[in-house]
Amino acid sequence: MTASPKTPSALEEGIAVYTPFLLRYLYDFWVLWVSNNFAWKCPTSTVQLPLFNAAMGQSHLDIGVGTGYYPAKSLKAGAKCNEITLLDLSPNSLQAAEQRILETVGREAVRVNTVVASALEPLPFDKTKKFNSISVFFLLHCIPGTPEEKCKLFDVVRPHLAEDGVFVGTTVLGQGVPINWLGQKMMNSYNNNTKSFHNSEDNKAQFDEGLRRNFEEVESWVMGQVMLFKARKPRQQGDVTNVVPKGDLD
């Protein structure tokens, strides 16, 4: 009797989507232009890139790297970063992002480290390792699980953000936001067919709560179907409690 092949997990199915062909020829066009402009209604170049660019510090951690578009563009624009760590579960994405960054600014301008790891487990760094800035763009909606389970990402990121650092991110929400016909069609396909999205329950309130549990200063807002956020002042371990949301900072 032969053993049946292992059924891929939801996470493995999502990672498998990021083939070298997709990353090289389709990702930027479909995700960063078509999807962001017409489905999610949160433009890349005028909204999301400026958020990334303004946050990027001397030592930066980018989690969920895509094609490396955001760090490459920010470095080319003059971001004062000389060391960037790319963290992702997809070796293909890590390779594509590293290559793009180095082709854009050169090895002399920035040191690039790549790490294959989960963003929901303790990060594989020394406990004393701190980053001036951390980004997580368009990753939360790809992670299987409930919004509460996804908030573990904030728990594992917090210890590695410098006291004066900034944590920024974006994610496509599935609840509590306007969803146009294209966005709904794409969400249905991504959640049910390709398994690259897991965001049907994702909502701003639960992500806000997870952020405020870990950071003293949180600013979050919605554009189209996308939640964007900035978080500062990581709480000390003893202060990480269930913080009641008090509204967005100005």
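This is a predicted model: local features need pLDDT of at least 70, side-chain atom pairs count only at pLDDT 80 or more; totals for chains, interfaces and linings use all residues.
At what angle do the axes of helix 3 and helix 4 cross, and within what distance do they come? The answer is roughly 75 degrees, with the axes coming within 9 Å.

**Helix 3 against helix 4**

- Helix 3 covers residues 44-55, and helix 4 runs over residues 69-76.
- Angles from 65 to 115 degrees count as roughly perpendicular, and helix 3 and helix 4 are therefore roughly perpendicular to each other.
- On the helix 3 side, the contact uses Thr44, Ser45, Gln48, Leu49, Phe52 and Asn53. Helix 4 answers with Tyr69, Tyr70, Pro71, Lys73 and Ser74.
- Sorted by class, the residues of this contact come out as five nonpolar, five polar and one charged.

**Helix 4 against helix 5**

- Helix 4 also packs on helix 5 (residues 91-105), at an angle of about 15 degrees and with the axes 9 Å apart.
- Since angles under 35 degrees count as roughly parallel, helix 4 and helix 5 are roughly parallel to each other.
- The crossing of this pair is right-handed.
- From helix 4, Tyr69, Pro71, Ala72, Leu75 and Lys76 take part, and they meet Arg100, Ile101, Thr104 and Val105 of helix 5.
- That contact splits into six nonpolar, one polar and two charged residues.
- Tyr69 and Pro71 of helix 4 turn up here and also in the contact with helix 3.

**Helix 2 against helix 5**

- Helix 2 spans residues 20-39, and its axis comes within 9 Å of the axis of helix 5, crossing at roughly 60 degrees.
- That angle makes helix 2 oblique to helix 5.
- The crossing of helix 2 and helix 5 is right-handed.
- Pro20, Leu23, Arg24 and Asp28 represent helix 2 in the contact, while Asn92, Ser93, Ala96, Gln99 and Arg100 represent helix 5.

**The cavity**

- Searching the whole structure turns up one cavity of 30 Å³ or more, and the largest cavity has a volume of about 120 Å³.
- Its lining is made up of 13 residues, with Tyr27, Gly64, Val65, Gly66 and Tyr70 lying nearest the centre.
- Helix 2 and helix 4 are the elements giving two or more residues to that lining.
- By class, the lining has eight nonpolar, four polar and one charged residues.
- Tyr70 lines the cavity and is also part of the helix 4 contact with helix 3.

How values were computed. Residues are numbered from 1 along each chain as its sequence is written. Side-chain values use heavy atoms; hydrogens and water are left out. Axes are lines fitted to C-alpha atoms, for helices over the stretch in contact, and angles run from 0 to 180 degrees between N-to-C directions. Helices (H or I, at least four residues) and strands (E, at least two) are DSSP runs, numbered from the N terminus. Angles under 35 degrees count as roughly parallel, over 145 as roughly antiparallel, 65 to 115 as roughly perpendicular and the rest as oblique. A crossing is left-handed if the near helix is turned anticlockwise from the far one by less than a right angle, and right-handed if clockwise. Contact means heavy atoms within 4.5 Å. Ala, Val, Leu, Ile, Met, Phe, Trp, Tyr, Cys and Pro count as nonpolar, Asp, Glu, Lys and Arg as charged, and the others, Gly among them, as polar. On a 1 Å grid over the protein atoms alone, a cavity is a set of points where a 1.4 Å probe fits but cannot get out, and a pocket is an open set with protein on both sides within 12 Å along at least five of seven lines; lining residues have an atom within 4 Å of a point. Grid points are joined across faces, edges and corners, and a volume is the space filled by probe spheres set on the points.
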